[in-house]
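The sequence and coordinates are shown first.

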Amino acid sequence: MSNLDLGNDSVEYIAWRSQEKTWSVDGEKCDLKKFLIDTTSIKIGQGKLQEGVAPIWEWNDVPGGKIQLKDGYKKAFYLSIYLTDKHGSPITGWREWMTNQRASREAVMKLWKDIQATQESHKDEVAMVKITGNEMMKVGQASICLPTLELDGWVTKPGDNDNVTPISTDVDKPSDTEF
């Protein structure tokens, strides 16, 4: 009988740690410089996070649909992100960015305006995103730290461990650089 691999209990994800002003991939802090977003993966909905309890996510049928928040829930999003060790990640491959964190939501909303403006002409590609730093944003009496994300072009969608060659950067200008 061959060995039966039933996987492991590790969770694979990407997260922005607003208070620490850093990225985390699979729980490991890292200095990300770029990543890819599969824009067709977007889900919008709501999430409820409580200590000691598994997160609860409820996604709308349509990304642009209205959200009627339930008690204890916050607006949330899901995106499929491709990372490489070349750009600061401890791994190369796809990870889920699923959160109801305000700083991440605000950063993605800002970025999404640029994505939507050019997405139509890049249907079979993924968005290349450059991380240029972070910025503080006032929310009521508090301040939160947003990652500063910039659309840096569109590339062919990679497999799990593919090298990626950009089709265009600077949104629509040809480039000879690699992701």
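**Overall**

The model is predicted. The protein chain contains 1 helix and 10 strands, and read from the N terminus its elements follow the order β-β-β-β-β-β-β-α-β-β-β. Of its 179 residues, 41% count as buried. Taking the contacts between residues at least 6 apart in sequence, 58% join residues at least 24 apart.

Serine 80 belongs to strand 6, which spans residues 74–83. Leucine 149 belongs to strand 9, which spans residues 142–156.

| Residue | Relative accessibility | Class |
|---|---|---|
| Serine 80 | 15% | buried |
| Leucine 149 | 12% | buried |
| Tryptophan 57 | 23% | partly exposed |
| Tryptophan 59 | 25% | partly exposed |

Serine 80 counts as buried because its 15% relative accessibility falls under the 20% cut-off. Leaving aside residues up to four places away in sequence, serine 80 is in contact with Leu36, Ile37, Asp38, Ser41, Trp94 and Arg95.

Leucine 149, at 12%, is buried as well. With residues up to four places away in sequence again left out, leucine 149 touches Trp23, Phe35, Trp97, Ala107, Leu111, Val129, Lys130 and Ile131.

**Aromatic rings**

How many aromatic pairs does the structure hold? There are 8 aromatic pairs. Tryptophan 57 and tryptophan 59 form a stacked pair, with 5.7 Å from centre to centre and 5° between the planes. Tryptophan 57 is partly exposed at 23%, and tryptophan 59 is partly exposed at 25%.

Ring pairs also link Trp16, Trp23, Phe35, Phe77 and Trp97 into a cluster. Among the members of this cluster are Trp23, Phe35 and Trp97, which are also contacts of leucine 149.

**Charges over rings**

Which rings have a lysine over them? The charged end of lysine 43 sits over the ring of tyrosine 78, at 4.9 Å from the ring centre. Lysine 157 lies over the face of tryptophan 94, 5.6 Å from the ring centre. Trp94 is also one of the residues that serine 80 touches.

Definitions and conventions:
Residues numbered from 1 in each chain as written. Predicted model: local features only at pLDDT ≥ 70, side-chain atom pairs only at ≥ 80, totals over all residues. Heavy atoms only, no water. Helix = DSSP H or I, 4+ residues; strand = E, 2+ residues; numbered from the N terminus. Buried < 20%, exposed > 50% of the residue type's maximum accessible area, 1.4 Å probe, protein only. Contact = heavy atoms within 4.5 Å. Phe/Tyr/Trp six-rings, centres within 6.5 Å; stacked < 30°, edge-to-face > 60°. Lys NZ or Arg CZ within 6 Å of the ring centre and 35° of its normal.
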